[in-house]
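Hi there,

Here is the structure I promised to pass on.

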Amino acid sequence: MAIEVKHVSFTYSPKTPNAYEALKDVSTCINDGDYLTIVGQTGSGKSTLVQMLNGLTMPTSGAIFVDEQDTKIWCKKTKTTRLLRKKVGLVFQFPEYQLFEETILKDVAFGLINYGMKKEQAYEKAKEYILKVGLNESYFTKSPFELSGGEKRKVAIAGILALEPEILILDEPTAGLDPKSKEDLLNLITQLHDEGKTIALVTHNMSIVRKYANHVILIEKGKAFFDGTPDEFFVNDEVCKIIEVPEVIEFARKLKVKGIDIDVNKATSVDSLVEQIKLWRAKDE
Ligand SMILES: Nc1ncnc2c1ncn2[C@@H]1O[C@H](COP(=O)(O)OP(=O)(O)OP(=O)(O)O)[C@@H](O)[C@H]1O
Ligand SMILES: [Mg+2]
């Protein structure tokens, strides 16, 4: 098991009049090889949760175990804190705000040099990952401030990927990207998952849940409202009251209610839904 979240609660500004309990008794497991999606309405606590997974913040109560060790223990010493941050790479929501170096190459190499890699080697690895996120060589010497929002996002992601974390956490990585960049990034994440990385991705996009995930958690008002597979997720009536279900699934659900015997989970596209309706009609005739 990669990460175990055990009865985690988190309160912002505790013991002040502004105290706010953003997470309430959340428990879940992220298993090795998972492609987890964390979904939920705005303000439900998703970012609060993922920032605890690499020890950036600590639960107010409960605990998080990474490779069976409590993040509080990992973060007791600087050396092991750094090990944890390398093991669990976290791409923040809007990571582009954190770019600061003069050139993209320097920015992506920064983390590697910080981890003790020799400059020359760090630059080589940085180049590899800049190309991997879909930017070409002409970007190496550009300033991060010359880039578009989407390009900056890619650079920020390259900086985390270059550290080659075992578990990659991404907080709404595709938000605000154009369709092509979105697809490229999702393909890259799939490739990383196929190569063996554990993925945890925060998203509002239910098509991502349907298409890529094997595990989904729905956070609702700070609580884990649902924790299971996408197949269970999209047929759960209570879940479907909270989330925006992809149109084709919503349509399949309505047909089922009307007595058409189809498998909602197999309705992943219009074509697959049409196939099911044809089969149902053939059976009925
Ligand atoms: N630094 C903070 N101080 C006080 N309250 C905060 C702080 N950060 C977040 N909150 C509150 O905690 C709750 C959860 O916030 P969080 O950022 O985890 O939500 P989220 O699910 O990631 O939302 P979104 O989908 O908009 O990114 C929100 O109500 C938010 O206002
Ligand atoms: Mg958030």
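Predicted model: local features only at pLDDT ≥ 70, side-chain atom pairs only at ≥ 80, totals over all residues.

Residues are numbered from 1 along each chain as its sequence is written, and chains are lettered from A and ligands numbered from 1 in the order in which they are written.

There are 13 residues around ligand 1, and Tyr12, Thr42, Lys46, Ser47 and Thr48 come nearest (a residue is near if its C-beta atom, placed from the backbone, lies within 6 Å). Strand E2 (20-30) and helix H1 (46-50) each give two or more residues to this shell, and H1 gives the most, with three. Helices (H or I, at least four residues) and strands (E, at least two) are DSSP runs, numbered from the N terminus.

The protein is divided into domain 1 (3-243) and domain 2 (246-285), with bounds from an automatic or database domain assignment. Their centres, taken over C-alpha atoms, are separated by 35 Å. Seven residues of domain 1 are in contact with six of domain 2 (C-beta atoms, placed from the backbone, within 7 Å). On the domain 1 side, helix H8 (residues 206-212) gives the most, with three residues.

Finally, what makes the contact between H4 and H6? On the H4 side you will find Ile104, Asp107, Val108, Phe110 and Gly111, and on the H6 side Val155, Ala158 and Gly159.

Best wishes

How values were computed
Contact = placed C-beta atoms within 7 Å.
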